[in-house]
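Here is a short report on strand pairing and helix packing. Please keep the 3D view open while reading.

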Amino acid sequence: MEAAALAPSLKNIAPQQEYLLQGSILDTHRDVLLHRLRGLCDNAERNFEAFSDYEAVYVLRNSSTAQQSQNQHVTFRVRHALDHSDAPDHIRYLGQAELGDRSRHTLVRACLDVACSSNVRDFLTEMGFRIDHDYVVKGHFFHKGRMKVTVYKIFRLIQPNKTDPHNLEPLGQSHLVELSVVAPLGQEQIGEDMKNFAEQLKPLVLLEKFDHRKIQ
Amino acid sequence: MAAPSVNISVEAAIEHQIQEVRYDGQEIYLAPLSMSENLSKLAHKIDFYKDESEEKGKPTSEGEKDTDEEKVLAPFQPSLWPWDSVRNKLKNSLTEISVLYDVLNIVKEKHYMVTDPVSQDPPELKASLQMLAKKKSLVAAAQLLSTGAERLKRVQVEMTSNTQDNFLMELLKLRRNWRLKKVHNTILGELSYKSAGSRFWQGGTFEVLKTSDLAADGEVASRKSSLDVSIPSELEGVAYIQVEVKTVSDLMDLTSATLKMPAGLGTVSADAYWQQKLEVAQNVLFCKELFAQLAREAVQVKGTTPHMVVGNQILTNVFPGIQLSIVLCHYTGKEKKVNLAPHKLEHNHVLEHSLHQLLREVHDRNLNYSPPHPANAMLGMSKRRRLAGPRAMSRSELVEMVQSESLLEQILKQTKHAVLRIRTMHVIDQLAVSIQDPQICAHWSCLNSSLESSVRITITSYCYENCKTLLVLLIGIDTIKVVMKDGRVCTLLFENSELRDLIQWQICQHHAQSIQSLAKMQGWQVLSAIINSGHGDMEAYGTTTDVMLASPKGNVILAFHSNPVSGNKLAIKKLDPSLDAHISPAVTASKWASLAGDFQEINLNQLEGRNLVGKIDMLMARLTSS
């Protein structure tokens with residue numbers, strides 16, 4: 001980013017969209033997928049880039065209109081890296097997912113992702129947010145151009161607020177695979193690229209757009 | 001014909017027709033057609049493609065049968081009644097049936113006519129023509145067979161000589177090193193650096209060919225390899241980046257901005273091994289990208305000295321009088337053989353290598369971002385950039401973060417350093433050769449970077465090595481930092497003379513210090529030692545170092561004077577013991593009384609000894625006892 005470009009972008013931040021495809025793979029076949037991804041992605045000559053993040057989801061419910069709008073709430077996700085203590089925390093807001101019609105290949109949702117200092121949890125709590133659920137994700141990260149591929153597993157915390165390894169309980173028998181791009185609004189070409197990339201993983205993992213409301 | 005007694009009523013079924021069935025099962029009916037509507041509907045179903053015009057002539061030929069029909073037809077004709085055409089049709093068919101009936105009757109009765117099958121003439125058979133035709137078709141068949149056999153034979157040969165296997169094996173080898181993909185019937189490969197992070201517009205697609213196919217076309221009879229590659233024409237030939245640092249007059253030398261092509265650089269022969277071909281082509285692409293990048297930067301960068309891009313050459317000033325020229329040499333073999341005078345190529349391989357390295361670093365940066373932590377952080381930011389928000393970095397810090405050096409700036413820095421290093425080396429070597437006393441010895445550090453190197457200079461006198469003067473030179477981009485023996489640091493610019501002066505000045509100091517250490521050993525007393533003395537005549541450069549010594553007995557005073565320009569001088573003064581009486585109470589010893597006065601200069605050249613320190617050593621030893 002050029003220095004001169006910083007000032008106007010501060011005035012109105014371009015709305016960012018996350019283009020997302022998801023799939024899953026059984027634990028036993030994860031390594032095959034990792035090697036396939038390593039061959040396909042850009043950082044091939046380096047070793048697998050592992051990550052281990054703790055994510056807590058904070059919810060602010062609208063208490064004033066109790067009955068009619070029970071599901072009116074604001075959700076923020078706060079994440080920090082467990083294996084990189086110097087990395088900043090990240091607060092993330094995800095908008096309503098749009099599935100779109102068949103011509104759109106990916107799920108699209110508004111996405112705001114901001115790095116912040118580590119006292120963001122206290123700040124949210126002070127504002128009236130309550131912790132909804134939290135979990136730890138561990139996995140590997142790849143990138144191809146601006147596409148980000150993560151293969152990870154979700155761990156449940158047996159005791160709350162303790163993220164040491166023996167307090168973690170893996171959820172399920174499989175790993176989650178996500179292909180995502182965060183880009184400014186209205187770049188439909190990305191969907192095409194992502195679909196082509198997902199095609200290359202086809203027999204191993206099926207990356208699709210999932211409607212999260214249906215799963216719930 | 002049907003019996004007239006049976007009546008057939010033609011009418012529609014009473015059922016109501018269903019127009020639509022709704023999703024809830026409700027049926028919507030159509031109202032039944034009335035009799036006339038039904039009739040007209042049926043009438044419309046009849047195909048009336050035959051026109052009435054045919055019938056116009058017929059009634060006349062038909063004779064009496066039609067006369068009563070015509071009466072019926074006449075009133076209806078103008079009104080184009082729906083049944084009109086039906087009637088016409090029926091009439092038509094009736095006519096035809098009657099004609100047929102008549103014909104059949106005539107044939108059957110055989111009264112007037114007998115029908116016999118007509119015998120046709122057998123076609124004339126020409127033997128020669130037939131033979132020709134047969135010959136022709138045989139030849140065609142034979143040709144088909146022989147081409148088939150040829151192909152089979154070729155495959156057989158390939159099988160026996162394993163060239164088929166060879167092709168596949170070579171394809172496998174090719175596949176290991178290069179990216180290939182199959183498009184329809186051709187195999188295409190990619191030799192550009194796009195997958196390695198390059199963003200150069202020019203592509204590098206090559207095609208994989210099977211040489212046995214080429215051989216069949218009679219193109220090339222024998223080849224070493226059964227696989228060949230065809231490379232796009234713009235990547236053919238040999239290319240390299242020629243980097244030259246040369247001394248020019250103060251102005252830029254534009255006349256040298258011509259295409260220079262060393263004659264020794266040949267093209268790749270047509271039947272070279274594919275691996276070599278591909279590597280050379282890839283290098284051409286790389287050099288093109290490198291030059292394009294440098295040329296773009298040369299135009300964009302607003303430096304204190306403008307860079308010039310002339311044709312395939314980039315010119316820029318390194319130091320006053322030193323010019324760096326970067327030339328893209330691309331030799332395709334199609335150029336005219338210009339008889340260049342044997343141009344002495346001062347190609348700087350190190351800088352060329354650095355250029356390649358720099359571009360590869362750019363490629364690497366394009367491809368390898370620092371991984372995001374946590375995993376949903378923005379991709380493509382540096383680690384520091386991610387921390388900019390939480391740490392509330394200022395604008396100036398951010399601006400500083402985004403500033404990156406262009407390739408040209410970096411190579412310019414490296415060139416400056418290289419030039420400065422070579423200059424320093426020359427200065428030290430020249431001094432070491434020209435100055436025999438004392439000895440100058442340089443130790444170059446083998447651990448250096450492309451932007452910094454260091455050298456340690458030791459100044460010693462032969463046989464008196466215990467006294468030495470050390471200097472450390474840190475050669476930077478365009479300055480030299482000198483750390484002297486006593487820890488003082490001074491910074492020199494890129495001019496040669498500055499360093500030369502400094503070393504000569506250090507030599508003077510070395511002499512003075514050696515003499516002082518001699519004095520200590522021989523029991524002489526140092527009366528005064530001034531490194532930068534203001535006494536004496538004005539010199540062109542440098543300052544004088546003075547030392548004054550008194551003999552142990554105090555009767556002899558030596559004055560040493562050393563200057564880089566006027567050289568070393570030694571003067572002596574012998575004290576007259578009779579002067580003792582005049583000493584004032586402030587003067588504690590007689591030697592202090594004789595600091596001024598008449599000194600006699602000693603001709604250093606005629607003293608005995610191998611070098612200056614040795615000579616003075618001898619003299620001091622002699623004077624100690626006197």
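## Strand pairing in chain A

Glu18(A) stands opposite Arg109(A) in β5(A). The strands involved are β1 (residues 16–26) and β5 (residues 107–116) of chain A, which pair in the antiparallel sense over four bridges. Strands here are DSSP runs of E, at least two residues, and helices are runs of H or I, at least four, numbered from the N terminus. Two strands pair if DSSP finds at least two bridges between them.

β5(A) also pairs with β4 (residues 89–94) of chain A, antiparallel, over six bridges. There, Asp89(A) stands opposite Cys116(A) in β5(A).

## Basis of the model

This is a predicted model: local features need pLDDT of at least 70, side-chain atom pairs count only at pLDDT 80 or more, and totals for chains, interfaces and linings use all residues. Residues are numbered from 1 along each chain as its sequence is written, with chains lettered from A and ligands numbered from 1 in the order in which they are written.

## The sheet in chain B

Chain B holds an open sheet of five strands, ordered β11-β12-β13-β14-β15, with antiparallel pairing. β11 (439–444) and β15 (489–492) of chain B each have a single partner strand, so one side of each lacks a neighbour in the sheet. Neighbouring strands are turned by 20 degrees against each other on average, direction ignored. Axes are lines fitted to C-alpha atoms, for helices over the stretch in contact; angles run from 0 to 180 degrees between N-to-C directions.

Within this sheet, β13 (residues 468–475) and β14 (residues 480–483) of chain B pair over four bridges. Leu473(B) stands opposite Val482(B) in β14(B).

## Helices across the sheet

Helix α12 (residues 407–434) of chain B lies across β11, β12, β13 and β14 of chain B. Contact means C-beta atoms, placed from the backbone, within 7 Å. Helix α13 (residues 496–522) of chain B lies across β12, β13, β14 and β15 of chain B. α12(B) runs at about 160 degrees to β13(B), and α13(B) runs at about 160 degrees to β13(B).

Conventions: Contact = placed C-beta atoms within 7 Å.
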